Amino acid sequence: MTPDQIARVRRRLEELRAEVEGAGNIAVRAEDIGPVPSAADEDEAPFREMDQSIASSRNRVRADQLLRIAVAERRLEEDPDSFGLCEKCEEPIPPRRLELLPFVRKCVDCQSAAEVRSSKPVRKKVTDYQE
Ligand SMILES: [Zn+2]
């Protein structure tokens, strides 16, 4: 990558970090959840639990994003020559893709190949649950 492209990716990483950090932590506080349900409204409890798990998975996603941004910044710092090369096929990742997603480590082809592979065991057909 040219020094200009590197500078652009670095700026983009800073923007992304500011974006993620600026969103603030999605806190799950007792007052948001409301009073402990009495026996009468027990039916609502599952919905409250669902809200909590949505909030905490959002926090996890953001923590993951921050980590990826930090890793990308370090790679850019320590090894700018190989930054922007697909870690799988070592072809240059298109600058346009890097500007959108500066922390990607694979080209589109390798990325989608990896996603297809990793999603396979997770997806279960309805028939898997039948006896
Ligand atoms: Zn590749």
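Me: What geometry does the site of the zinc ion have?
Reply: This is a predicted model, where local features need pLDDT of at least 70, side-chain atom pairs count only at pLDDT 80 or more, and totals for chains, interfaces and linings use all residues. Residues are numbered from 1 along each chain as its sequence is written, and side-chain values use heavy atoms, with hydrogens and water left out. Four donors count as tetrahedral if all angles lie between 85 and 135 degrees. The angles among the four donor atoms of the zinc ion are 104 to 115°, so the site is tetrahedral.

Me: Which residues are the protein donors of the zinc ion?
Reply: Donors here are N, O and S atoms within 2.8 Å of the metal (3.2 Å for Na, K and Ca). Along the chain they follow the spacing C-x2-C-x17-C-x2-C. The SG atoms in question lie 2.2 to 2.3 Å from the zinc ion, and they belong to C86, C89, C107 and C110.

Me: Is C107 buried or exposed?
Reply: Buried means under 20% relative accessible area, exposed over 50%, and partly exposed in between (1.4 Å probe, protein chains only). C110 is buried, and C107 is too: buried.

Me: What about E90, buried or exposed?
Reply: E90 sits in the loop between α3 and α4, helices being DSSP runs (H or I) of at least four residues, numbered from the N terminus. Its phi is positive, near 65°, though E90 isn't a glycine. With a relative accessible area of 60%, E90 is exposed.

Notes. Tetrahedral: all angles 85-135°; square planar, octahedral: opposite > 155°, others 65-115°. Helix = DSSP H or I, 4+ residues; strand = E, 2+ residues; numbered from the N terminus.
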